[in-house]
Amino acid sequence: MRTIVISDIHGSFYTMKKLLDEVDFDRYSDKLICLGDMCDRGKNTKLVWEFFYNLQKENSNHVVLLGNHEDMFNLAIKEAIYGGDLSVRQDHYFRNSGLTTLQSFYPEATEKTRGIYFRKFAQEYKFLRKWIKNLPTRYESPEYYFIHAGVDFNKNFWNQKHRDMIWIREPFLSSNEKYNKKVFHGHSPVKQEPYYDEKENRFNIDGGCVYGGKLNIVVIDENSLSVKQSPILEEDIYKE
């Protein structure tokens with residue numbers, strides 16, 4: 001069984017689909033692991049979320065992890081429903097391109113009407129909201145660890161702070177510490193060739209596709225590892 005790893009898709013559904021087709025992804029015999037940040041920035045978050053939701057519904061063998069953008073969405077929608085006049089979480093989310101996600105479901109949504117459409121989403125897409133809310137933060141295979149942003153190497157992989165797992169950059173990125181298994185992560189975009197960063201202790205597969213870089217897919221097949229990548233396709237680019 002192959003393991004296929006992807007991260008930081010950011011609404012780039014057609015780019016993701018192109019890469020999955022190029023590696024002949026088989027939803028029944030392969031394990032697909034997404035390291036989070038499926039939403040925001042790109043145009044097609046709705047399609048990305050629905051793809052992974054349906055994939056896991058068909059086959060629970062596939063793994064989808066929480067990214068900081070999903071976490072921001074969870075906090076923003078909770079505030080819109082229960083927070084009265086509060087807007088701190090929603091403001092933070094919209095500073096990080098949250099409007100693109102709402103508009104992938106409701107093209108007429110605006111920053112001013114966001115509360116209406118967050119509540120509308122919660123009613124009409126209850127199944128997606130529950131799924132996103134309950135995404136796990138990490139996964140361990142026999143050979144590797146998988147997480148969205150990174151870890152504190154001074155702590156056991158299964159004893160991490162929530163914020164570190166979805167937001168950390170330093171000192172993780174500069175650390176020479178390591179576990180007994182390499183850590184696969186995204187979150188920190190690599191904006192120059194080769195658009196990924198492999199170290200002895202970690203493998204960053206965020207190629208910054210929404211910043212002019214590449215979307216990466218890593219295929220792990222027994223003892224071999226290969227990277228397939230693509231720039232973001234025109235149909236995934238959000239144009240204001």
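Leaving aside neighbours within four places in sequence, which residues is tryptophan 131 in contact with? They are Met38, Trp49, Phe52, Tyr53, Gln56 and Val64, where contact means heavy atoms within 4.5 Å. The legends below describe a predicted model, in which local features need pLDDT of at least 70, side-chain atom pairs count only at pLDDT 80 or more, and totals for chains, interfaces and linings use all residues. Residues are numbered from 1 along each chain as its sequence is written, and side-chain values use heavy atoms, with hydrogens and water left out.

**View 1. The nonpolar cores.** The largest nonpolar core has 46 residues. A nonpolar core is a set of buried Ala, Val, Leu, Ile, Met, Phe, Trp, Tyr and Cys residues joined through side-chain atoms within 4.5 Å; buried means under 20% relative accessible area, exposed over 50%, and partly exposed in between (1.4 Å probe, protein chains only). Trp49, Phe52 and Trp131 have the most contacts inside this core. Helix H2 (residues 45-58) gives the largest share of the core, six residues. Helices (H or I, at least four residues) and strands (E, at least two) are DSSP runs, numbered from the N terminus. A second, separate core of 12 residues includes Ile33, Val63, Phe146 and Ile220.

**View 2. Helix H6 and its packing against H3.** Helix H6 spans residues 114-124, and Arg114, Gly115, Tyr117, Phe118, Phe121 and Ala122 in this helix are buried. These buried residues pack against H2, helix H3 (68-82), H4, helix H5 (98-105) and helix H7 (126-133). The axes of H3 and H6 are 9 Å apart, at an angle of about 100 degrees. H3 is therefore roughly perpendicular to H6, a label for angles of 65 to 115 degrees (under 35 is roughly parallel, over 145 roughly antiparallel, the rest oblique). Axes are lines fitted to C-alpha atoms, for helices over the stretch in contact, and angles run from 0 to 180 degrees between N-to-C directions. On the H3 side, Phe73, Ala76, Ile77, Ala80 and Ile81 meet Gly115, Phe118, Arg119, Phe121 and Ala122 of H6.

**View 3. Tyrosine 93 in helix H4.** Helix H4 covers residues 88-95 and holds tyrosine 93. Tyrosine 93 has a relative accessible area of 0%, so this residue is buried.

**View 4. The five-stranded sheet.** This open sheet has mixed pairing and the strand order S3-S2-S1-S9-S10. Two strands pair if DSSP finds at least two bridges between them. Strand S3 (63-64) and S10 are the edge strands, each pairing on one side only. Strand S2 (residues 31-34) pairs with S3 in the parallel sense over two bridges. Strands S9 (residues 215-221) and S10 (residues 224-230) run antiparallel and are joined by seven bridges. Isoleucine 220 stands opposite leucine 225 in S10. Two residues lie between the strands of this hairpin, where glutamate 222 takes a positive phi near 55 degrees. Helix H1 (residues 13-22) lies across strand S1 (3-6), S2, S9 and S10, at about 25 degrees to S9.

View 5. Cysteine 34 is in no disulfide, and its nearest cysteine sulfur, that of cysteine 39, is 10.0 Å away. Cysteine 34 stands opposite valine 64 in S3. Cysteine 34 counts as buried because its relative accessibility is 0%.

Methods: A disulfide is a pair of cysteine sulfur atoms within 2.5 Å.
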